[in-house]
Amino acid sequence: MRSASHGGRKLSVAQLAWPADVPAGASQQLADFLAHVSAFPDAASAVGGAVDRAVRELGADVAAVTGEYGVVASACLAAGPAPRAKLLAVASGTDTTLDLDGVGSCATVVADIGGSEPAHLVLARAGEGGFTVDEVGLVRGMAKVVELVAENHRRRAAERRHTVENERLLSTLKERQSLLEHLSTIQRAISRRAPLQQVLDRITAGLRELLNSETAGLRLRDVEDSDLLLLVSHAGFRPERANRLRLLPAAEAGVSGRAFLVEDLVAVSGHQLAPHGPHNDGSQPLPYPTYMRAAMGVPVYERGVTVGSLAVATSHTDRAYTKTDQEILLAFAEHASLALADARTVTAVAPSFRDSLTGLASRSLFMDRMTYGLARAERDHGQLAVILLDLDRFKAVNDTLGHAAGDAVLIEVASRLGASLRASDTAARIGADQFAVLLHDVAGVDQAVSVADRIISALQAPFTITGKEVFIDSSLGIAFGEAATRHGHERAGDVLMRDADEALRRAKLNGKGRYEIFDPSTRVDHHTDLDLEADLRRAVARGEFVLQYQPIVVLATGQVIGLEALVRWRHPERGLIPPLDFIPLAEETGLIVAIGRWVLQEACQKASDWNARRGEQPPLSISVNLSVRQLQQPDLAIMVAEILQTTGLDPYCLVLELTESMLIPDSEVSARRLHTLKALGVRLAVDDFGTGYSSLAYLQHFPVDILKIDKSYVDELTRGPSGAALLLGIVRLGQTLQLGTVAEGIEDLAQRGELHASGCEFGQGFYFARPLADTDVDALLGTSFPAAGTHLPDGHTPPATSD
């Protein structure tokens, strides 16, 4: 028995409840008819296919299916269209014959099609005799097939609609559940007094995710200029775009700015967005990237006052935010307002934009204002200037009077700076004892010089700290924005800061307590940095690095107990390049990780080989500098353990050196990693001790074994009792904490004697040996330096300077 597949189900002719007059021999015809009609994808096309097949099967001149609202489908083999009105009359029983143009009078047969949408199958054929009894039965069988197939299609369509509706309802429930979860998370963060920045970041991230948008951003009114909006939190922005849009006038801040200005929800799409547009009052398109398709923003309040706005934007084609989307945005904005009110002040949102000690702008805020100032100066054909200021004798204040006195000096410096500037200018603290000043609308060089003179005079006056008069000098570097904006494709702000820093460096070289103006003709072409980076990448691949070794000596006996490994770059064209010329670039590019691994592997292997040949002599230690990037690697301890295993070096013989500045940021993470390294059995040394934080707290917090005293303290030994006192304090600190002390940069016999007398155990420097190649180390290890109190043999006295 023939059957047909429909919607995944097999329909069999034998399963149909045929009318009683369907001829017994019609099964094959009906099976073929069923297979044909079932192949169509929907009810409408199946009815049309049935009519077309029926008119041919029965040799009719015209066939049609008529329903409640007229002719559903028809097929006519005669010339001209099917006579719709006549077919309807036959179906209703009004006529039993049909006159067909060009054919004449036709006999007709009508069969009922049952189901949810009753209809009739009508056929008409010219000629005498009309339709036979068997043909009438076949037509009724065909009508039954049409009924069955159409009902199956309708049922399947209803099931699909039901499924789609269920999926829509489920999606709506999931969206509501997600909204509730996001808002609950934000509410919990507010109630638990989570940092405000963290709360606001959750708001923008959650909003972007929930509305399936490319970007979400929260802007707050600048605390000093109410016409400016500061991007305090965002999600989806690329870092460079976020920096470019960080501080904008409200009139140039797109839908976010318009929502802030009109204090109402703003939703725009399509032609209302444009890549450029100077106005934000609704009269012109809003400035947005060309790929954006829709955006909306709402105001954010604090205690009933509009303080900012929250906005989202999407690039989805033909997307317009719905009423539900707008309600979600309003809900998130209300939570932003709640978070701000709970924090009591908008300024609490961005502590990173203010220096906590002096209250001046931070480096980040200073750079934002400079970027905005440069854009305004270019638009208005104006000029601005940057003054970098460094306190020349501040370290001496910190060292002699303590950090509290140093903080008091910095606070007073900030006050005097503010008194020397106009209200429109910006002062910032950008380093420990370094400040920056931004001068807007500078009329010329003389105006900037006048400000610099006022600052120098203000800071030359004595500072009264804890009843003592303290004097400091200041060096200033001045650069002008007009020259910086013409410098190639680089960011003008970065160039301007670099120019001012170069002027400051020259001011220090020329005697301190003075200012210098940057000369654009002396600017270095920084494209050479790109060439150097390309060479450095090739150097890593080709293995162009070598190690030199400087001995570490017992000051009392002259015995060599260890070596410090120092990396050099043997450039194929420029020769041996010292580390200061390529290590900063390696840090910046991340290449330092690969270089550092090679240095550690090579140094450990050499130390293992030397110790294997020392027989009964005590093993040598090898000191290797770690970089910031290496300390940030989660697998650092695993890498060190693998190198120790492959080289066979005793872990106690490896000393890893770190600077103080590496330990303080993310101190908890640093502490965990250092404790993991200590568990391997290696030792840890603080390099250049005394030049950074010099904090007893971090010495107790981190598992340090050795303090390496910076060369600057060794240099002070011969310049008076105060220098010796500072160094003695560091040595005694090491003794108290049971830490070894190594003095760096020893250059003469007097320094060695003073250090030995102070209790310092070990030393290194040109007095003993310059950095040596590994072949020269082999010869050195066969000898010993004279004991303390004895001058080195002739020919071994080093020059008075070191690198």
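Asp-441 counts as exposed, because its relative accessibility is 54% and the cut-off for exposed is over 50%. In this predicted model, Asp-441 sits in the loop between β18 (434–439) and α12 (445–460). The notes below start with its backbone and then turn to helix pairs and a sheet.

**Backbone with positive phi**

- As background, most residues other than glycine have a negative phi.
- Asp-441 is not a glycine, yet its phi is positive, at about 50°.
- Asp-688 also has a positive phi without being a glycine, with a value near 55°.
- You will find Asp-688 in strand β28 (residues 683–689).
- Is Asp-688 buried, partly exposed or exposed? With a relative accessible area of 26%, Asp-688 is partly exposed.

**Helices α5 and α8**

- Two packed helices are described by the angle between their axes and the distance between the axes.
- For helix α5 (residues 196–210) and helix α8 (residues 323–343), the axes come within 10 Å and cross at roughly 180°.
- That angle is over 145 degrees, so α5 is roughly antiparallel to α8.
- On the α5 side, the contact includes Leu-196, Val-199, Leu-200 and Ile-203, while α8 contributes residues including Ile-328, Leu-329, Phe-332 and His-335.
- The residues of this contact between α5 and α8 divide into 13 nonpolar, 2 polar and no charged.

**Helices α9 and α14**

- Helix α9 (residues 363–380) and helix α14 (residues 492–509) have axes that come within 9 Å and cross at roughly 115°.
- This makes α9 roughly perpendicular to α14, and the crossing of the two is right-handed.
- Which residues of α9 meet α14? They are Arg-363, Phe-366, Met-367, Met-370 and Leu-374, and in α14 they meet Ala-492, Gly-493, Asp-494, Leu-496 and Met-497.
- Sorted by type, the residues of the contact of α9 with α14 are 7 nonpolar, 1 polar and 2 charged.

**An open sheet and its helix**

- Five strands form an open sheet with antiparallel pairing, in the order β4-β3-β7-β6-β5.
- At its edges are β4 (70–76) and β5 (97–100), each of which pairs on one side only.
- From one strand to the next, the twist averages 25°.
- Strand β6 (residues 104–113) and strand β7 (residues 119–126) run antiparallel and are joined by 8 bridges.
- Asp-112 has His-120 in β7 as its bridge partner.
- Helix α2 (residues 43–57) packs on the sheet and touches β3 (62–67), β4 and β7; the direction of α2 makes about 40° with that of β4.

Conventions:
Residues numbered from 1 in each chain as written. Predicted model: local features only at pLDDT ≥ 70, side-chain atom pairs only at ≥ 80, totals over all residues. Heavy atoms only, no water. Axes fitted to C-alpha atoms, helices over the stretch in contact; angles between N-to-C directions. Helix = DSSP H or I, 4+ residues; strand = E, 2+ residues; numbered from the N terminus. Parallel < 35°, antiparallel > 145°, perpendicular 65-115°, else oblique. Left-handed = near helix turned anticlockwise from the far one by under 90°. Contact = heavy atoms within 4.5 Å. Nonpolar A, V, L, I, M, F, W, Y, C, P; charged D, E, K, R; others polar. Buried < 20%, exposed > 50% of the residue type's maximum accessible area, 1.4 Å probe, protein only. Pairing = 2+ DSSP bridges.
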